[in-house]
Amino acid sequence: VLDAVREWFADAADPSAAPALAVLVDGISALDPAPAATVGAFGARFDHAAETLCEVSIFGSLFIVRVGPQHAVEYRVRDVATALEALDHVVRQHLRAAHPAPS
Amino acid sequence: VVVFDGTGDGGVSVDGDSRPRTPRVGSRRLRDISHLYLSSRQPAAAAASSARRTLRVAVVGRGLASAETVASLAVQWARLGRRVVVVDLDPALPNAGFRLGLEPNAYLGAILGTAPCVERAALGVRVLVTPQRLDTGAELVAAAVAQADVVVVRLPEREPQALLQRVCAALASSAAATTMERAAARSPMFEAWMATARRPVRPPRPAAVCERVEDLLDVAVQVGNGAPADALGGVPLRPLAWGAGSPPAWARVPDHVPPPRLPLALLDPEHAVARVFEGLAQALLAGLGRRPGGEARA
């Protein structure tokens, strides 16, 4: 599924956004256990254990990463540095989703 | 000072005491036999500290449990005053650098394709960034490993030996190369003797050849409840169970909710999980991991 996401990213994104997008997708691909990926009209969504990790929407050279089940944090990514910040948040969110606190 | 004359009937005093003395029959103390392994030029303490022994531990596993184990053990060893180097060969996230508080551009070095470098993490633990690409920074990494007291290598469950071969040159550069040096690495007394017997200027040693994993690692800790990995040759493998309900193991980490970024061993040293890793770090340092029958109760 991640390969399909990569193809969709390659089609939808501007070439100037490719390095930052590659960092984000490579990082999400490296998560263990691997998240589920969905491509739709909204963009691409990555879920783990029925909880949304992040949602990515592409607007030419800009892409927006909304992290968390409520999309509470939004990263407007134009460069690799911001993509790293977004990926760091996604990794923390993945850890939280994989090891939920007992209610 | 007493000089024995060889007749067996006591000694002749040379320090003014004329009373006859009989030689001691019981067990001798360490200082009585220290001339057997120490030269007159160097005291025992200095000789022992000049030849450092490095503990090399592999942590085999997957996911957060593996990264958490590496980070927690590294923190506990750093608290004990050891210089720790972490070599993370598992490309999966979260990795050990993430758990030790590195910045994203450091712990994501493998994704960014940065050159190998050494980053200082929490409590001064040194983390090798991008150790998979040792072709461009082998000397730097070898220097960091050579100065460490403890080297922790994180390996994935699948084909750990193939990944280990990539860093074997760095790991083997300061490893014992001869039979005498291997014996010295296992015996403090022999090591002290080696420090005095070694020539002042050592001849340059040829590049180390990695033929046996046993020469690179002292012990491997397998994290998780999966089948035991058998690809590490003769390295002693210690299963570390994760959570309740897992089969009997060398040690067990209780169920807990991991903090989002740093390990519990760093944030809450009194937590039961931190106590487990404290005990494991001390046990591995003490050499329990090498003994076939060694058991660590957690």
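**Reading aromatic pairs and an interface**

Mentor: Let us begin with a single side chain: W193(B) counts as partly exposed, at 31% relative accessibility. Please keep in mind throughout that this is a predicted model.

Trainee: Why is W193(B) classed as partly exposed?

Mentor: The class of partly exposed lies between buried, under 20% relative accessible area, and exposed, over 50%. W193(B) has a value of 31%, and therefore counts as partly exposed. F190(B) is likewise partly exposed, at 26%.

Trainee: How are F190(B) and W193(B) placed along the helix?

Mentor: Both belong to helix α10 of chain B, residues 188-197. They are three residues apart, so about one helical turn separates them.

Trainee: How is a pair of aromatic rings described?

Mentor: Two quantities are given: the distance of the centres and the angle of the planes. In the whole structure, a search over all chains finds four aromatic pairs. One of them joins F190(B) and W193(B), whose ring centres are 5.5 Å apart and whose planes stand at 40 degrees, so the pair is tilted.

Trainee: What are the distance and the angle for W242(B) and F277(B)?

Mentor: The ring centres of W242(B) and F277(B) are 6.3 Å apart, with the planes at 50 degrees, and therefore this pair is tilted. It links distant parts of the chain, 35 residues apart: W242(B) lies in strand β9 (residues 237-242) of chain B, and F277(B) in helix α12 (residues 272-285) of chain B. F277(B) is buried, with a relative accessible area of 0%.

Trainee: What can be said of chain B as a whole?

Mentor: Chain B contains twelve helices and ten strands. It has 298 residues, of which 45% count as buried. If one takes the contacts in chain B between residues at least 6 apart in sequence, 61% of them join residues at least 24 apart.

Trainee: How is the size of an interface often given?

Mentor: It is often stated as the accessible area lost when the parts come together. Here, chain A and chain B bury about 1600 Å² between them, with 71% of that area on carbon and sulfur atoms. Three residues, D32(A), L84(A) and L95(A), supply 37% of the area that chain A buries against chain B, more than any other three residues. In terms of contacts, 18 residues of chain A meet 20 residues of chain B.

Trainee: How many salt bridges and polar contacts are found between the two chains?

Mentor: Two salt bridges cross the interface. One pairs the side chains of D32(A) and R62(B), at 2.6 Å from N to O. The count of residue pairs in polar contact between chain A and chain B is six.

Trainee: Which elements of chain A give two or more residues to the side that touches chain B?

Mentor: They are α2 (18-29) and α3 (80-98) of chain A. The most comes from α3(A), with eight residues. By class, this side of chain A has eleven nonpolar, two polar and five charged residues.

Trainee: Is D88(A) buried or exposed?

Mentor: D88(A), found in helix α3 of chain A, has 7% relative accessibility and therefore counts as buried. Leaving aside neighbours within four places in sequence, D88(A) is in contact with F98(B), P104(B), Y107(B) and R261(B). By contrast, the C-alpha atoms of D88(A) and R6(A), residues 82 apart along the chain, are separated by 20 Å.

Key
Residues numbered from 1 in each chain as written. Chains lettered and ligands numbered in written order. Predicted model: local features only at pLDDT ≥ 70, side-chain atom pairs only at ≥ 80, totals over all residues. Heavy atoms only, no water. Contact = heavy atoms within 4.5 Å. Buried area = accessible area lost by both parts, 1.4 Å probe. Salt bridge = Lys/Arg side-chain N within 4 Å of Asp/Glu carboxyl O. Polar contact = N/O pair within 3.5 Å; in protein donor to acceptor, adjacent residues only side chain to side chain. Helix = DSSP H or I, 4+ residues; strand = E, 2+ residues; numbered from the N terminus. Nonpolar A, V, L, I, M, F, W, Y, C, P; charged D, E, K, R; others polar. Phe/Tyr/Trp six-rings, centres within 6.5 Å; stacked < 30°, edge-to-face > 60°. Buried < 20%, exposed > 50% of the residue type's maximum accessible area, 1.4 Å probe, protein only.
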